[in-house]
Amino acid sequence: VQLVESGGGLVQPGGSLRLSCVGSGFTLDAYPIGWFRQAPGKGREAVSCISTGDSAIYSLDSVKGRFTISRDNAKNTVYLQMDSLKPEDTAIYYCATACTVLAGQSARWGQGTQVTVSS
């Protein structure tokens, strides 16, 4: 039973990436799924979350209008589409069965995927 993230990489400022969070051994649509990130030397922060009813929440003002969270239940996958990327988006991105860092203390987490935005 695990979450597996993929899709990270190195991208230039202004570029795009799509992160995927795949559930293995359990069904993601029974849970709210959140994306979090942790930059070097900083704490983990919530980025976005999608509810079991497919309502999207964007916790960071800095990503509103640039990031889009979505589900594909047939693929048991939650996506984070990231457009107009900025160097300050550089971090390890994690998905979890939670929408807040506090709730994440008792959630399932993936191993993370590195996103680096640099020219």
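Q: What volume does the largest cavity have?
A: The largest cavity has a volume of about 30 Å³. This is a predicted model, so that volume is computed from predicted atoms. The count of cavities of 30 Å³ or more comes to 1.

Q: What makes a residue such as Leu 28 or Val 78 part of the lining of the largest cavity?
A: A lining residue has an atom within 4 Å of a cavity point. Leu 28, Asp 29, Arg 71, Asn 73, Asn 76, Thr 77 and Val 78 line the largest cavity. Val 78 also turns up in the nonpolar core, as one of the residues with the most contacts inside it.

Q: How do you know which residues Val 78 touches?
A: Contact means heavy atoms within 4.5 Å. Leaving aside residues up to four places away in sequence, Val 78 touches Leu 19, Ser 20, Cys 21, Leu 28, Ile 33, Trp 35, Ile 50, Ile 69, Ser 70 and Arg 71.

Q: What makes a set of residues a nonpolar core, and how many residues does the largest one have?
A: The members must be buried residues of the listed nonpolar types, joined through side-chain atoms within 4.5 Å. The largest such core has 24 residues. Those with the most contacts inside it are Trp 35, Val 47, Phe 67, Val 78, Leu 80, Met 82 and Tyr 93. At least two residues of this core come from each of strand 3, strand 4, strand 5, strand 7, strand 8, strand 9 and strand 10.

Q: Why is the link of Cys 21 and Cys 95 called a disulfide?
A: The cut-off for the two sulfur atoms is 2.5 Å. In Cys 21 and Cys 95 they are 2.1 Å apart, so the pair counts as a disulfide. The angle about the S-S bond is 75°, and the link is right-handed. It joins distant parts of the chain, with Cys 21 in strand 3 (residues 17-24) and Cys 95 in strand 9 (residues 91-96), 74 residues apart. Both Cys 21 and Cys 95 are buried.

Q: What makes Cys 49 and Cys 99 a disulfide?
A: Their sulfur atoms are 1.6 Å apart, and the limit is 2.5 Å, so this pair qualifies as well. Cys 49 is in strand 5 (residues 45-50) and Cys 99 in the loop between strand 9 and strand 10, distant parts of the chain that are 50 residues apart. The structure holds 2 disulfides, and with the bonded cysteines numbered in sequence order the pairing is 1-3, 2-4.

Q: Why is the meeting of Arg 37 and Asp 89 called a salt bridge?
A: Side chains of opposite charge can pair when their charged atoms come close. The rule asks for nitrogen and carboxyl oxygen within 4 Å. Arg 37 lies in strand 4 (residues 33-38) and Asp 89 in the loop between strand 8 (77-82) and strand 9, 52 residues apart. Arg 37 counts as buried at 6% relative accessibility, and Asp 89 counts as buried at 1%.

Q: What does Arg 66 form with Asp 89?
A: Their side chains meet in a salt bridge at 2.8 Å, N to O. Arg 66 is in the loop between strand 6 (56-58) and strand 7 (67-72), and Asp 89 is in the loop between strand 8 and strand 9, so the pair ties together parts that are 23 residues apart in sequence. Through shared partners, salt bridges join Arg 37, Glu 45, Arg 66 and Asp 89 into one network. The count of salt bridges comes to 5.

Q: How do you know whether Asp 61 is buried or exposed?
A: Exposed means over 50%. Asp 61 is at 63% relative accessibility, so Asp 61 counts as exposed. Asp 61 meets Lys 64 in a salt bridge of 3.0 Å, N to O, and Lys 64 is partly exposed at 47%.

Notes:
Residues are numbered from 1 along each chain as its sequence is written. This is a predicted model: local features need pLDDT of at least 70, side-chain atom pairs count only at pLDDT 80 or more; totals for chains, interfaces and linings use all residues. Side-chain values use heavy atoms; hydrogens and water are left out. Helices (H or I, at least four residues) and strands (E, at least two) are DSSP runs, numbered from the N terminus. Buried means under 20% relative accessible area, exposed over 50%, partly exposed in between (1.4 Å probe, protein chains only). On a 1 Å grid over the protein atoms alone, a cavity is a set of points where a 1.4 Å probe fits but cannot get out, and a pocket is an open set with protein on both sides within 12 Å along at least five of seven lines; lining residues have an atom within 4 Å of a point. Grid points are joined across faces, edges and corners, and a volume is the space filled by probe spheres set on the points.
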